[in-house]
Amino acid sequence: MQPRNMSMSGVVDLAAVKAAGEARQKAEQARAEAARSGGGGGAVAPSSLVTDVDEAGFERDVLQRSTEVPVVIDFWAEWCEPCKQLGPLLERLTREYNGRFVLAKVDVDANQMLMQQFGIQGIPAVFAVVVGQALPLFQGAAPEAQIRATLDQLVQVAEERFGLTGIAVDPAAGAGEVPAEVAEEPAGPYDALLEAAVRALDANDFAGAAQAYKNVLVDDPANTEAKLGLAQAELLSRVQGLDPQQVRKTAAESPSDVAAQAAAADLDLVGGHVEDAFGRLIDTVRRTAGDDRDAARVRLLELFEVIGGDDPRVTAARTALARVLF
């Protein structure tokens with residue numbers, strides 16, 4: 001499967017979770033009960049931050065644990081290529097965040113009931129559970145910088161809204177263990193270039209990030225992380241410095257102006273309004289002809305690359321585009 005990225009807004013609006021005050025009280029009660037029973041407050045080994053979870057242990061390992069610490073769930077499968085990229089990255093970040101959240105890995109082939117309950121349409125898919133409430137985070141592989149932004153917001157909201165400050169980690173516990181991915185998966189030949197691209201994105205150097213991704217693609221045209229990163233870097237470069245109010249005013253006044261509609265669609269996508277971006281360009285294709293129509297179509301295909309070909313929104317937009325073209 002091709003990777004699907006989170007919306008460019010970075011994360012679902014976690015602050016809008018209902019009954020946050022009630023949930024926070026529930027979390028505090030659960031921690032107090034755990035302390036009274038001797039079941040909480042102790043430091044855990046780093047190795048316990050990442051666990052494989054099945055349907056039988058979901059209540060204990062996810063729902064109950066989410067009253068103490070946010071639980072991030074990675075839905076994956078052995079046959080899923082993007083999962084093989086995202087999984088090790090999430091595990092590394094889990095250890096790096098040092099107890100601010102824990103990671104539960106769910107093999108969807110072995111736990112299809114959980115997949116159905118979460119309404120998952122494609123993998124990899126990442127959710128969080130905070131005090132028993134499921135929050136969709138993102139779907140598909142994505143650059144590390146954006147995943148960090150998602151996790152940062154999760155940690156912040158879990159603390160501010162639910163009172164979850166994480167769990168203590170004892171670095172001495174399991175100190176002799178070597179993480180499996182370190183022992184079995186040496187650094188790839190493009191890791192330095194990909195890391196340079198992420199640093200450039202963090203610094204808002206979108207041209208530099210794009211060039212770093214292009215350098216990877218010269219030797220490895222099928223590298224999914226580089227393809228996704230390049231599409232996003234180019235999008236962010238296009239919107240940098242735009243005046244959103246003026247762009248939308250021009251687009252409203254000139255519905256057949258392909259450049260105006262393309263700029264507005266870029267802003268739609270960066271703002272997380274994926275369907276609006278796609279619909280705007282499909283309408284532009286419908287209204288135009290010749291080179292203008294082709295330019296609008298090409299920009300739409302570029303935005304498909306940002307989201308990923310397996311995303312249901314991309315599938316629906318491709319169907320709508322085909323109806324317009326044929």
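Helices here are DSSP runs of H or I with at least four residues, strands are runs of E with at least two, and both are numbered from the N terminus. By that count, Thr 94 sits in helix α3, which spans residues 81–97. Before going further, note that this is a predicted model, in which local features need pLDDT of at least 70 and side-chain atom pairs count only at pLDDT 80 or more, while totals for chains, interfaces and linings use all residues. Residues are numbered from 1 along each chain as its sequence is written, and side-chain values use heavy atoms, with hydrogens and water left out.

Now the overall picture. The chain's secondary structure comes to 14 helices and five strands. Of its 326 residues, 46% count as buried, meaning under 20% relative accessible area with a 1.4 Å probe and protein chains only. Take the contacts (heavy atoms within 4.5 Å) between residues at least 6 apart in sequence: 73% of them join residues at least 24 apart.

Back to Thr 94, which is buried, with a relative accessible area of 0%. Setting aside neighbours within four places in sequence, Thr 94 touches Leu 49, Val 50, Gly 99, Phe 101, Val 102 and Leu 103.

Next, look at a helix pair. Two packed helices are described by the angle between their axes and the distance between the axes. For α8 (residues 206–219) and α9 (residues 224–239), the axes come within 8 Å and cross at roughly 155°. Those axes are lines fitted to C-alpha atoms over the stretch in contact, with angles running from 0 to 180 degrees between N-to-C directions. The two helices are therefore roughly antiparallel to each other, the label for angles over 145 degrees. On the α8 side, the residues that meet α9 include Phe 206, Tyr 213 and Leu 217; on the α9 side, Leu 230, Ala 233 and Leu 236 are among them. The residues of this contact divide into 10 nonpolar, two polar and four charged, where Ala, Val, Leu, Ile, Met, Phe, Trp, Tyr, Cys and Pro count as nonpolar, Asp, Glu, Lys and Arg as charged, and the others, Gly among them, as polar.

Finally, find Gln 261 in helix α11 (residues 258–270). Gln 261 is buried too, with a relative accessible area of 3%. Its C-alpha atom is separated by 5.4 Å from that of Ala 251, 10 residues apart along the chain. Beyond neighbours within four places in sequence, Gln 261 is in contact with Ala 251, Ser 254, Pro 255, Arg 280, Leu 281, Thr 284 and Arg 287.

How values were computed. Parallel < 35°, antiparallel > 145°, perpendicular 65-115°, else oblique. Buried < 20%, exposed > 50% of the residue type's maximum accessible area, 1.4 Å probe, protein only.
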